[in-house]
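Subject: Structure handover

Hello,

Here is the structure I said I would pass on. Please look through it first; my notes follow below.

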Amino acid sequence: MTEPADATRARGRLSTRAFTIIALTVALLIACVVSVMASSNPDGLEFVAGATGFLDTATDSAAAGTPLADYATQGVSHTWLSTAIAGAIGCVVTFGLAASVGLVARGRRRTR
C-alpha cells in the first residue's frame with residue numbers, strides 16, 4: 001500500500017520550531033566557540049587603514065564605552081569567556097529582533 005504524497009512530504013519535513021531551535025543552537029555555537037578561535041589579526045578595514053597610513057588617525061566610536069565594546073564583555077577578565085558572552089548576547093538579541101519582525105509580519109498578513 002502506498003502513502004499519499006502529502007504524508008510522504010510531511011514525514012521528511014522539519015518543523016519550523018525544530019528548524020529554529022537547531023539554527024539558534026548552531027548560531028550560538030559559532031558565536032561562543034568559533035568566534036573565540038577567530039584571528040587576532042586586524043579585520044579588512046583596519047588592515048587597509050594601516051596599509052594606507054591613516055590607522056593612527058582613528059578615534060573611538062560612540063559605542064567604545066559600552067559593556068560589549070570590542071567583542072568583549074566589560075568586567076569579565078578571561079578573554080575567551082568575555083568574547084563568548086558577548087557573542088551569545090549579540091546572537092540572542094539579533095534572534096529576538098528577527099523573531100519580532102517575523103511575528104509582526106505574520107500578524108499583518110493574517111489581518112488582511
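In these notes a helix is a DSSP run of H or I with at least four residues, a strand is a DSSP run of E with at least two, and both are numbered from the N terminus. By that definition A31 lies in helix α2.

This is a predicted model, in which local features need pLDDT of at least 70 and side-chain atom pairs count only at pLDDT 80 or more, while totals for chains, interfaces and linings use all residues. Residues are numbered from 1 along each chain as its sequence is written, and side-chain values use heavy atoms, with hydrogens and water left out.

Overall picture

The protein has four helices and zero strands, so the order from the N terminus is α-α-α-α. Of its 112 residues, 9% are buried (under 20% relative accessible area; exposed is over 50% and partly exposed in between, with a 1.4 Å probe and protein chains only). The accessible surface is about 9,400 Å², and carbon and sulfur atoms hold 65% of it (Shrake-Rupley method, 1.4 Å probe; for residues, only the protein chains shown count as cover). Among contacts (heavy atoms within 4.5 Å) with a separation of 6 or more, 46% are between residues 24 or more positions apart.

Around A31

A31 counts as buried, at 13% relative accessibility. Beyond its neighbours within four places in sequence, A31 is in contact with T83, A84, G87, A88 and C91. A31 and A84 are 53 residues apart along the chain, and their C-alpha atoms are separated by 6.5 Å.

Cysteines

The whole structure contains zero disulfides (a disulfide being a pair of cysteine sulfur atoms within 2.5 Å). For C32, the nearest cysteine sulfur is that of C91, 7.2 Å away. C32 is partly exposed, with a relative accessible area of 24%, whereas C91 counts as buried at 14%.

Nonpolar patch

L14, F19, I22, V26, L29, I30, V33, V34, V36, M37, W80 and L81 form a nonpolar patch on the surface, with about 1,100 Å² of accessible area together. Patches are made of residues with over 30% relative accessible area and no salt bridge, where like charges are joined within 9 Å and nonpolar side chains (Val, Leu, Ile, Met, Phe, Trp, Tyr) within 5 Å; a salt bridge is a side-chain nitrogen of Lys or Arg within 4 Å of a carboxyl oxygen of Asp or Glu. Helices α2 (16-34) and α4 (79-111) each supply at least two residues of the patch. The largest share, seven residues, comes from α2. V26 is in α2 and is partly exposed, with a relative accessible area of 43%.

Regards
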